[in-house]
Amino acid sequence: MSRSRRLTEQERDERRQADRDRLENAARELLSSDGWARWVRVRASNGLGRYSLRNQWLVAADCHRRGITPTYVAGFRAWLALNRVVRKGSKAIYILAPVTVTHPDTDGQQNAEKRIFFRSVPVFDVAMTDVLPGTQPIPLCAPAEPITGESHAHLLEPLVRLAGELGYWVQYRPIDGSTGGWCDARRREIIVDDQLSANAKVRVLVHEIAHGLGVGYTEHGRAQAEVLVDTVTYVVLSGQVGLDVSGESIPYVAGWGEQGALDAIREFAGTIDQIARRIEDAITPTAPPVPADHPSELLRVA
């Protein structure tokens, strides 16, 4: 078998530029309310949220062009480990994976300079796979529980602990009206309605902790701050936590800033992703194992 031809430097530059263009176009889709909602759903999916922010954008944009609603993405061999096989003829989704390239020193020593580049790698959504004959498919996520139940009471303690790490004291007490709670940055306290179900208390705590992680009205204004924390809450609850929030709409602020809108929405998406990961790490300290070729943690840097 002959080796594939090595690319010229110009061809490498052209590929890198094509990848940059793909990322730019995928980010621009966030500027529309529909494009924003598509990314949020990707980030909120348990099978996609562990990818890097930029790879989430690529998956959302690519799947939208093909009329696919992505839910769980993995490489070819990873699907085999999950007792599934990629359907013949399926067109791959391309994301970016890091590649370390070593440039030798002038004297040929081993302490050569290392640089990280990114290359496109193929992955496939579960909709492009079939169950391997004679096997039982490995469950990809737990069924979602209703927000009105008590199934997630065990998450209250780690959430209270996280609030404490941020310098907030959590109090449960009856609250009149529809407000489930609030975050008082001046008094460093989070109030939660004690009359709520355990799952609803989890929702309130996630929302108010997102405020406590720096998303205040002073920094962002009321409208944008609430969109940010509402989106964090949606992402965390429907992703790692597994609470049913399918009936909730995904909030959006048209424009996100009259000047530099693309840079602004990139920053907002990054803030949501970072805060959501902080909360997710606190309530799921031990991530479930994934197959070796599953591009997840490594691709956070992409």
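**Reading helix packing and strand pairing**

Tutor: Helix α2 (residues 33–44) packs against helix α3 (residues 53–65) at an angle of about 120 degrees, and their axes lie 9 Å apart. That angle makes α2 oblique to α3. The model is a predicted one.

Student: Which two quantities describe a pair of packed helices?

Tutor: Two packed helices are described by the angle between their axes and by the distance between those axes. For α2 and α3 the values are about 120 degrees and 9 Å. The crossing of α2 and α3 is right-handed.

Student: Which residues of α2 and α3 make the contact?

Tutor: On the α2 side they are Arg38, Trp39, Val42 and Arg43. On the α3 side they are Leu53, Gln56, Trp57, Ala60 and His64.

Student: How many helices and strands are there in the protein?

Tutor: The protein has 9 helices and 10 strands. Of its 302 residues, 44% are buried. Among contacts between residues at least 6 apart in sequence, 67% join residues at least 24 apart.

Student: Let us turn to the strands. How do strands of a sheet pair?

Tutor: Strands of a sheet pair through backbone hydrogen bonds, in either the parallel or the antiparallel sense. In this structure, 3 strands form an open sheet in the order β7-β9-β8, with mixed pairing. The edge strands are β7 and β8, each of which pairs on one side only. Neighbouring strands of this sheet are turned by 15 degrees against each other on average, direction ignored.

Student: Do β7 and β8 run parallel or antiparallel to β9?

Tutor: Strand β7 (residues 169–173) runs parallel to β9 and is joined to β9 by 5 bridges. Strand β8 (residues 181–184) pairs with β9 (residues 189–193) in the antiparallel sense, over 4 bridges.

Student: Which residues stand opposite those of β9?

Tutor: Ile190 in β9 has Val170 opposite, and Cys183 also stands opposite Ile190. Asp184 is opposite Glu189 in β9, and Gln171 is opposite Ile191 in β9.

Student: What should be noted in the hairpin of β8 and β9?

Tutor: This hairpin has 4 residues between the strands, and Arg188 takes a positive phi near 55 degrees.

Student: Which helix lies across β7, β8 and β9?

Tutor: Helix α6 (residues 198–212) lies across these strands and runs at about 160 degrees to β9.

Student: Are Cys141 and Cys183 buried, partly exposed or exposed?

Tutor: Cys141 is exposed, with a relative accessible area of 53%. Cys183 is partly exposed, at a relative accessible area of 22%.

Note on methods
Residues are numbered from 1 along each chain as its sequence is written. This is a predicted model: local features need pLDDT of at least 70, side-chain atom pairs count only at pLDDT 80 or more; totals for chains, interfaces and linings use all residues. Side-chain values use heavy atoms; hydrogens and water are left out. Buried means under 20% relative accessible area, exposed over 50%, partly exposed in between (1.4 Å probe, protein chains only). Two strands pair if DSSP finds at least two bridges between them. Helices (H or I, at least four residues) and strands (E, at least two) are DSSP runs, numbered from the N terminus. Axes are lines fitted to C-alpha atoms, for helices over the stretch in contact, and angles run from 0 to 180 degrees between N-to-C directions. Angles under 35 degrees count as roughly parallel, over 145 as roughly antiparallel, 65 to 115 as roughly perpendicular and the rest as oblique. A crossing is left-handed if the near helix is turned anticlockwise from the far one by less than a right angle, and right-handed if clockwise. Contact means heavy atoms within 4.5 Å.
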